[in-house]
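Here are my notes on this one, as numbered points. Have the coordinates open while you read.

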Amino acid sequence: MSLRFQRLLFILLTLVIILSAVLLILYNTRENVSYFYTPSEIDKSDIIINKIIRIGGFVENNSFNKISSSSFKFKITDEKASILVTFKGILPDLFREGQGAVIEGVFVDKNIFNATNVFAKHDENYMPASIKEDLKDTGYWNKKYK
Amino acid sequence: MLIVKDLSIERLDKKIFENINLSLSPGNITILKGKNGSGKTTLLKAILNLLEPSFGSIYWKGKLLKKNLYDFYNHVTYIGDTTSSLRKLTIKDNINIWKKFFISNINDAQIEIALKTLKLDNYLNKKVGTLSFGETKKLEFLRLIMENKKVWILDEPLSNLDEDSIGLMKQTFEDHCSKEGSIIFSSHQNPGIYVTEEINL
Amino acid sequence: MNFLNKIIFFYYREYKLNMSGIQDILTNIIFFFISIFIFIFSIGPDKETISLIGVGILWTLLLLSSTLSLRKFYQDDFENGNLLIIHLNGFSFGFISILKTFSHFLFVQVPFLLSIPIACILLNIANDKLFYLFASFSIGSLILSCLGSISSSMNLMNQRNFLLGSVIVMIFSVPVIIFSVGIINMEESFNSLINILFGILLIVFAINPWASGLCLKLSLENS
Amino acid sequence: MKFLVNPSKFNEMADYLFRPLLILSIILFAIGLLFSFYLSPDDYQQGSTVRIMYVHVPSAWLALLTYAIMTIYSILALAFRIPFGFIFNTAVAPIGAVFTLICIISGSLWGKPMWGTWWVWDARLTSVAILFIIYLIIIFMNLSFENRIVREKVVAIFILIGSVNLPIVKFSVDWWNTLHQPATISKLSKPSIDPSMMTPLIIMTFAFIMIGVAIAILRIKTEIISRKSYLS
């Protein structure tokens with residue numbers, strides 16, 4: 001094999017390999033690099049008790065209950081499924097009903113999720129507080145879930 | 001065979017040498033002379049196509065060296081200023097590895113003779129790391145003989161050698177030339193070897 | 001045919017070299033095991049905790065101990081001029097880097113691969129995870145070899161700060177760690193994760209001859 | 001456009017541009033900070049914490065932009081043998097590192113009140129952290145080689161390999177579930193930000209670009225001069 005032939009071989013091989021690698025990665029990464037799962041992705045029958053996971057979604061409307069000054073109870077939903085969550089600690093400022101949130105913790109049984117950390121997730125929309133009031137009044141304001 | 005035409009090399013925007021002309025045909029010995037840092041090694045590297053010349057060109061068998069590199073490499077042995085024998089292995093192992101890797105057509109008897117003339121035959125099972133500097137230098141010349149190529153490119157082959165060995169080198173050079181081989185070597189001293197061309201850097 | 005012979009004897013040479021310095025490889029392995037001991041002692045005797053974080057420890061230590069031997073990747077051959085001799089025998093620098101990468105995999109990473117079962121016993125990792133560990137590590141260690149080739153060829157001329165080479169390997173091995181630890185923790189998505197690892201391997205494998213070849217040539221030019 | 005690849009042309013252009021750029025950037029910073037602190041409204045969700053955005057977003061953009069330009073210059077320098085690319089890489093890497101650092105610090109200051117945590121290991125934050133470390137490695141490499149030719153080319157190769165990280169930083173929020181919100185401003189859709197908040201953002205972005213270019217000009221000029229002194 002002459003040096004020029006080796007070079008040509010390398011160029012061809014590199015192109016083929018990189019192409020197939022990019023295809024492989026793009027095809028497979030979609031669901032695997034998640035920071036969190038959504039409630040509908042969690043199969044009720046597959047829940048492993050006491051394994052730390054993260055769940056992301058929206059705090060369901062009219063589900064937030066304050067049990068004591070530092071312990072709370074609410075539901076996380078993505079409109080298809082919802083999970084009951086209990087949490088002891090300090091909630092972030094942005095946390096409120098209808099707001100996105102990511103919670104970290106364990107299932108204590110099949111239905112109750114005990115959160116150790118709660119992160120509020122805000123969306124990519126920015127608008128002045130005054131405009132939102134206007135929109136709400138005229139009925140244009142519709143909060144989209146994900 | 002090998003023609004260097006108007007070669008100039010700059011490194012870090014500094015001229016190292018300018019307008020070197022050189023031609024090497026079978027049976028020729030060329031010596032590069034110059035002080036330390038005058039660019040002898042650089043010129044040898046340029047001939048081996050490791051360095052891009054700033055100006056000028058090098059030809060091998062009528063074609064540009066870059067276009068004909070594989071053929072050139074098949075005909076050339078280079079010995080640099082380092083010890084290329086593997087220090088962890090014995091001389092015997094080193095010889096074995098070279099013989100196979102170079103696919104050399106030299107047989108064992110010839111190697112034995114060469115070892116005897118280089119006075120290395122007593123150290124066959126000694127590790128290279130324990131040899132003296134001059135002895136490792138001699139091992140390099142053994143590689144020269146084993147590779148059995150047409151063109152020898154040697155960087156400072158005569159430094160650190162005693163008188164006997166220099167005499168031996170002379171002999172080897174003349175033998176090689178009589179077999180239509182050609183040699184380029186660099187030296188900072190006057191070696192007292194018959195040369196066909198002398199280039200002062 | 002000549003070319004194939006040369007490749008075979010390139011590996012014969014690597015074998016001889018590595019066997020004469022087998023204590024280096026063994027020292028690597030000992031480093032690996034002693035680090036495991038230290039981890040176990042510093043965490044405490046709780047078997048549950050150890051088996052919970054065992055896989056992470058294993059991967060971290062494998063990465064660290066394989067970066068230990070990076071310095072030797074090209075340095076010896078570069079300094080004694082063998083790199084140039086091999087090149088003059090008709091191997092392009094890119095091809096040399098591929099050969100060297102496989103040699104590093106064979107003589108440095110495979111011993112680690114073989115010692116994984118013992119490490120698993122020490123770290124209390126369940127036997128059924130052994131297969132996933134093997135699968136992820138055999139691909140992951142090839143990636144590490146490729147990265148090692150790139151970073152050590154970059155740092156051939158860097159006499160001052162060799163730790164930089166290890167840092168380069170470690171920063172690019174972050175995704176490898178993420179996915180290979182993921183394989184063991186999420187066995188249900190084994191197929192897609194191993195495919196991602198394989199994809200990463202293909203990419204570094206494709207980049208390796210170009211980057212290392214260029215760096216090797218550069219270092220030889222300027223040495 | 002020759003001043004982008006030719007050191008002496010660049011020097012001429014730089015002398016011409018530096019003062020106006022500096023003055024303009026100071027003015028823009030004054031206006032932009034005034035806007036972002038007093039003249040822009042509170043957000044409907046985040047209240048006045050949203051004002052951190054006017055520092056966070058421009059610095060994040062510039063951190064990516066700097067690396068992208070360095071990648072282009074590395075290709076130019078390696079493939080087309082334009083040495084100005086090497087000068088640019090050496091000079092500009094610390095600027096990119098500083099922008100990334102500003103982005104990370106302002107981001108975690110924003111994250112604590114809003115998300116409830118300084119730092120999480122989601123895809124966006126991790127890839128930005130890796131970008132920062134890559135910048136640091138580039139700087140350290142620039143300091144630790146003795147031979148200039150080797151150093152420049154090795155750094156350029158490293159920049160090219162590290163550029164794999166760029167699309168991951170940019171698209172991580174679209175490809176995967178992350179705590180970090182998706183991009184607000186993208187070419188494909190109408191920006192989901194109110195014009196009254198868009199104005200300070202744009203002004204601040206230009207201010208950041210101006211100050212970045214001004215510092216880059218200074219650093220590139222010193223780099224060119226230091227190479228000239230090597231000559232004589």
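1. Chain A and its contacts. Among contacts in chain A between residues at least 6 apart in sequence, 47% join residues at least 24 apart; two residues are in contact if their C-beta atoms, placed from the backbone, lie within 7 Å. The chain has two helices and six strands, and from the N terminus on they run α-β-β-β-β-β-β-α. Helices (H or I, at least four residues) and strands (E, at least two) are DSSP runs, numbered from the N terminus. Of the 146 residues in chain A, 25% are buried. Burial is a C-beta count: 20 or more other C-beta atoms within 10 Å of a residue's own is buried, 12 or fewer is exposed, in between is partly exposed, and the C-beta atoms are placed from the backbone.

2. Ground rules. This is a predicted model, where local features need pLDDT of at least 70, side-chain atom pairs count only at pLDDT 80 or more, and totals for chains, interfaces and linings use all residues. Residues are numbered from 1 along each chain as its sequence is written, while chains are lettered from A and ligands numbered from 1 in the order in which they are written.

3. A backbone angle to look at in chain A. Asn62(A) is not a glycine, yet its phi is positive, at about 60 degrees. You'll find Asn62(A) in the loop between strand 1 (53-59) and strand 2 (65-68) of chain A. With 9 other C-beta atoms within 10 Å, Asn62(A) is exposed.

4. The parallel sheet of chain B. What is the strand order in the open sheet of five strands with parallel pairing? It goes 6-7-8-3-9 in chain B, where two strands pair if DSSP finds at least two bridges between them. Strand 6 (76-79) and strand 9 (197-200) of chain B are the edge strands, each pairing on one side only. From one strand to the next the twist averages 15 degrees; axes are lines fitted to C-alpha atoms, for helices over the stretch in contact, and angles run from 0 to 180 degrees between N-to-C directions.

5. Around strand 3 of that sheet. Strand 3 (residues 29-33) of chain B pairs with strand 9 of chain B in the parallel sense over four bridges, and five bridges join strand 3 to strand 8 of chain B, again running parallel.

6. Strand 8 (residues 182-187) of chain B has five of its six residues buried, so it is largely enclosed by the rest of the structure. Four bridges join strand 7 (residues 151-154) of chain B to strand 8 of chain B in parallel, with Ile184(B) as the bridge partner of Ile153(B). The chain gets from strand 7 to strand 8 of chain B through helix 6 (residues 163-178), and this β-α-β crossover is right-handed; that is, with the strands pointing away from the viewer, the path from the first strand over the helix to the second runs clockwise. In the loop between strand 7 and helix 6 of chain B sits Glu156(B), another non-glycine with a positive phi, near 50 degrees. Glu156(B) is partly exposed, with 19 other C-beta atoms within 10 Å.

7. The antiparallel sheet of chain B. An open sheet of four strands has the order 2-1-4-5, with antiparallel pairing. Strand 2 (14-24) and strand 5 (63-64) of chain B stand at the edges with a single partner strand each, so one side of each is left without a neighbour in the sheet. Seven bridges hold the antiparallel pairing of strand 1 (residues 2-11) and strand 2 of chain B, with Ile3(B) opposite Ser23(B).

8. A helix pair in chain C. Helix 7 (residues 130-154) and helix 9 (residues 174-185) of chain C pack at an angle of about 170 degrees, with their axes 9 Å apart. That makes helix 7 of chain C roughly antiparallel to helix 9 of chain C, a label for angles over 145 degrees.

Conventions: Angles under 35 degrees count as roughly parallel, over 145 as roughly antiparallel, 65 to 115 as roughly perpendicular and the rest as oblique.
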